[in-house]
Amino acid sequence: MSKALENKTLADAAMPLRSGGRILADQLALLGADKIFCVPGESFLGLLEGLYAHQNDVEVITCRHESGAANMADAYGKMTGKPGIVAVTRGPGATNASNGVHTAYQDSTPMIVLIGQVGREMMDREAFQEMDYRRMFGEMAKWVTQIDDARRIPEYLSRAWKVALSGRPGPVVLALPEDMLTEEVATVDLKPTPLPVAAPQPSAMADLEKMLHAAQKPLLVVGGPGWNKACCDKAVALSERFGLPVATSFRCQDYFDNSHENYVGVIGIAPSPKLRKRVMEDVDLMIAIGPRFGEMTTQGYTLLDIPTPQMKLVHIHPGAEELGQVYAPELSIVSSPEAFLDAALNLKPSDCASRWQDWRREQNVDYRSFIEPTSVPGNVNMADVIRHLTETMPANTIVANGAGNYTVWVHRFHQHTGYRTQLAPTSGSMGYSQPAAIAAKLIAPSREVISIAGDGCFMMAGQELATARQFGADVIYIVVNNGMFGTIRMHQERNHPGHVIATELVNPDFVTYAKAFGIGGERITDTQAFPAALGRARASKGGYLIEIVVDPEALTPSQSLSDARRQGEAALAH
């Protein structure tokens, strides 16, 4: 035996034995994971036993469905910037959790997924609930692996934490064989170390300065991963220093103060037609800090020409693999948002602010006009409801939503003035709103949190109201009830008018449903009743649900159900 190996053997013998589950729990605590969202399972009892010793520093949140647990972990990652941790059992637990894992992948949210696995001696026999997670999660995670040796848990956790946070953040999946978690071994704990941060090259910033000085109609677009409050403040400072108009990418509206005179709107689903036209025809320089330019932000890849955009594009992203993936930038910069903004604030503005003044003001005027409430069929106007939320709720109120036509009102008429006041999946996942809102309230208990969901969206995660009650997350739930899957019905009427199938819904009494969990609530059927209902919701303890019954004709702020049907009929006629 070599001297080095002999010394290592002696050192290992001097260390206390720990189970794999305890080692894993110890590493999570060392990394600063203060919450774990889970549905308990037999396959990771060893981890739960390890977490029992960390009850003072790692809170285990028991959820009612693995998709809810994973979406709570996604919201945690968005809120804190640290990986959200979710633990689920093998087979059905993992497949249920895949909903939130996919959301984290498309949203670039750091997440670590811990999945119980069959024992090592049973592998490759299709044992009870056995799955190959490398194959299952290969398309929706940054890294998928299995820990077969408990001694290597610190190594794997250290790498998983860094992979989840580095470059373009995202989910990491670790499969944990059941017997590995109970195996007792001696090993050395990990040592948390800082992540490397990408920063722009001076030559790239010099090129950007020249492009800014030559631009006639520039636009700054903010979004994507790696942001924090400091980034948002610096984006405002950059906008003011250069007089730049600023748009936000899809579901990143809280990255820039929507009430600021330089804000011009969101590039996403149902954008301002004038903003869309300007981007397609007038903008000659687009500086994009962070967004990926996916399908939703680009309106089905029609907003910018492929592969070479119609304007000069400067694309900044922390993941080099994202630059030039669809659109070829004039200038690519691999950088974190904050490092880029720090460098950009040192550029010379010259006469930019005065030169672009009219261009910027026109767009801001158009944006403010676009968020004025429109008239819609029925006794409830969701534009007025959302406007009341903006005018009444504290500026730091967190608003969570899932997917559906109801979100068009939220995104268009609510103004976000602070960072992380919006939680919404860019993946378009229904059932996201309640889990995200519950996680947000647990993370920031002093802030008010509102979950807004359609009737179809709400029913996909309604069971998590039990989680909210168990852990004291007093959320205000707003359920927009039109008795149908509105988005699908809209496309159905446009493409197959008169052939209604599979989109009508029979719903429970949502107020009674909430009360079954010990949560108060009421139903309203006209706009004028909402302010008083919201007041009662804010004054209540234990959470509150407001069901808003809306006319099915009120499909979007600009189109009724009948309009969609006529549009489809006209298309068929031609």
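The exercises below work through the fold and helix packing of one predicted model.

Residues are numbered from 1 along each chain as its sequence is written, and side-chain values use heavy atoms, with hydrogens and water left out. In this predicted model, local features need pLDDT of at least 70 and side-chain atom pairs count only at pLDDT 80 or more, while totals for chains, interfaces and linings use all residues.

**Exercise 1. Overall dimensions**

Compare the radius of gyration of the protein chain with that of a compact globule.

Solution. 
- The radius is taken over C-alpha atoms, and the globule rule is 2.2 Å times the number of residues to the power 0.38.
- For 574 residues the rule gives a value near 25 Å; the chain has 25 Å, so the two agree.
- Along the principal axes, the C-alpha atoms fill a box of roughly 80 × 60 × 50 Å.
- The chain holds 23 helices and 20 strands; these are DSSP runs numbered from the N terminus, helices being H or I of at least four residues and strands E of at least two.

**Exercise 2. Helices across the strands**

Solution. 
- Contact here means heavy atoms within 4.5 Å. Axes are lines fitted to C-alpha atoms, for helices over the stretch in contact, and angles run from 0 to 180 degrees between N-to-C directions.

**Exercise 3. Two neighbours of H4**

Classify the packing of H4 against H5 and against H17.

Solution. 
- Angles under 35 degrees count as roughly parallel, over 145 as roughly antiparallel, 65 to 115 as roughly perpendicular, and the rest as oblique.
- The axes of H4 (residues 66-80) and H5 (residues 92-107) come within 7 Å and cross at roughly 25 degrees. H4 and H5 are therefore roughly parallel.
- H4 passes H5 in a right-handed crossing; right-handed means the near helix is turned clockwise from the far one by less than a right angle, left-handed anticlockwise.
- Residues in this contact include Ala 70 and Asp 74 of H4, and Ala 97 and Thr 103 of H5.
- By class, the H4 and H5 contact has 4 nonpolar, 7 polar and 4 charged residues. Ala, Val, Leu, Ile, Met, Phe, Trp, Tyr, Cys and Pro count as nonpolar, Asp, Glu, Lys and Arg as charged, and the others, Gly among them, as polar.
- The axes of H4 and H17 (residues 433-443) come within 8 Å and cross at roughly 50 degrees, which makes H4 oblique to H17.
- The H4 and H17 crossing is right-handed, and among its contact residues are Met 72 and Tyr 76 of H4 and Ile 438 of H17.
- The contact of H4 with H17 divides into 10 nonpolar, 3 polar and no charged residues.
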